[in-house]
Amino acid sequence: MTKKDPFSALRIPEFRWFILMRLAIVLAWSMQFVLIEWEVYRITKNPWSLGLIGLMEVIPAIVMALFAGHIVDQSEKRTMLLKCFAGTAIISVLYCYLVYPETTKIIGKQTFLYAIYALVFLGGIIRSFIIPSVFSLLGLIVPKSQFTNAATWSSSSWQVSAVIGPALAGFLIGGIGVFNSMIFVTVSIILGIFMLLQISKKPILNKKIGEPVTESLKAGIRFVFQNKIILNALSLDMFAVLFGGAVALLPIFAQDILQVGSEGFGILRAAPAIGGLLTMLASTMFSIEKNTGKKLLLAVFGFGISIIVFGLSQNFWISVLALFLSGVTDGFSVVIRSTILQIYTPDDMRGRVSSVNSIFVGSSNELGAFESGLTSKLFGVVNAVVFGGVMTLLVVGTTAVASPKFRDLQIEK
């Protein structure tokens, strides 16, 4: 039996640039979102305002997702990403202006909030194109025999930045302020653009260039809903992320409940990402092809338990541990779902399938933030988090009972 090479995908030069690009861009995103959350809550002291941040991003992400997938499938992927990253850089520069200490005094708090929400909305539109472009580009850089390893490393690169970004943002808020931290974010985006330029343009594999939008979108949706493996994986993760969106309320836990300040906030934000990163790095060493369905169900179940413990905790380090374990379990879920999508999606449908995925899962992060903000307003912050965890457990139980074929899934390569 041939020993598994955990670094096989990393031996491809363009894939290494792809990973570095992802590191830089996701670092910028994760920092940017934390900085925005912190500044908005500092000014408003209202959890509803945090929920609105998620809502402003999820609306365009959902509305534009399928159309973006169609465009991506008919476009050259690197060029599309360059345009998206350029737009992201411009938005970041505008954020720098808004968080400049004197800006709020000049334009007023209400105008500041409207401007933030508008930029988040524009960022959601751009993100709807970035997600399917990144997914499609990955499938063009590595051979199919390396999809599992590449998907793991790609997800791990996301987690590395998600580890560093929130912690770095938390520490930098206290060290150099929100404005200078946002400048750092802008520089990181520019570095991501440079790294993307090291990857060559790729062929457009879609054989139906010029296909009417409605027909293209119908084909993508039909494929996802007819492929029960993909559909069940996306549905399970969607509801788990939707109801487990406690991370959106971390500024409240850090400032009001645990009272640990910006440094503690950075640790809390980093804890789940650290757990996810360690899990993903470990997953490069072993196979997930056996008992795939059961592993995914157990991972999401563990995620729900961790969220409940976090919501009930009054101790900072217990809260950190609970968030760490939520990252561990979520890391398993991400690796399994990413592998399923890469293996079972045809090359000419990657953009559209990834867009459907972004509606099911990617957008549920922001929709989960909105759900958490709304339920915390209605029932209180702690009750909102516990409710989300309990609902996650119910989703897992329902899926396990209602979908025995998915529960017994073994990945076929």
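**Helix packing and nonpolar cores in the predicted model**

The crossing of helices α11 and α13 is right-handed. In this predicted model, α11 spans residues 261-283 and α13 spans residues 316-344, and their axes come within 7 Å of each other at a crossing angle of roughly 35 degrees. On the α11 side, the residues that meet α13 include Gly264, Ile267, Leu268, Ala271, Pro272, Gly275 and Gly276. On the α13 side, those that meet α11 include Phe316, Ser319, Val320, Leu323, Phe324, Gly327, Val328 and Gly331. The contact of α11 with α13 is made up of 15 nonpolar and nine polar residues, with no charged residues.

The protein chain as a whole contains 16 helices and zero strands. Of its 413 residues, 61% are classed as buried. The accessible surface of the chain amounts to about 16600 Å², and carbon and sulfur atoms contribute 70% of that area. Among contacts with a separation of 6 or more, 88% link residues 24 or more positions apart.

The largest nonpolar core comprises 81 residues, and Phe15 and Phe18 are those with the most contacts inside it. Helix α1, residues 13-44, supplies the largest share of this core, with 16 residues. Apart from this core lies another, of 26 residues, among them Ala233, Leu236, Ala240 and Leu409. When neighbours within four places in sequence are left aside, Phe18 is in contact with Val134, Leu137, Leu138, Ile141, Ser154 and Ile199.

Two individual positions were examined further. Glu39 is located in helix α1. With a relative accessible area of 7%, Glu39 falls under the 20% cut-off and is therefore buried. Beyond residues up to four places away in sequence, Glu39 touches Val99, Phe112 and Val178.

Gly388 is located in helix α15, which covers residues 381-402. The relative accessible area of Gly388 is 0%, so this glycine is likewise buried. Gly388 and Phe239 are 149 residues apart along the chain, and their C-alpha atoms are separated by 9.7 Å.

Technical notes: Residues numbered from 1 in each chain as written. Predicted model: local features only at pLDDT ≥ 70, side-chain atom pairs only at ≥ 80, totals over all residues. Heavy atoms only, no water. Helix = DSSP H or I, 4+ residues; strand = E, 2+ residues; numbered from the N terminus. Buried < 20%, exposed > 50% of the residue type's maximum accessible area, 1.4 Å probe, protein only. Contact = heavy atoms within 4.5 Å. Areas by Shrake-Rupley, 256 points an atom, 1.4 Å probe, with all protein chains shown as cover. Core = buried A, V, L, I, M, F, W, Y, C linked by side-chain atoms within 4.5 Å. Axes fitted to C-alpha atoms, helices over the stretch in contact; angles between N-to-C directions. Left-handed = near helix turned anticlockwise from the far one by under 90°. Nonpolar A, V, L, I, M, F, W, Y, C, P; charged D, E, K, R; others polar.
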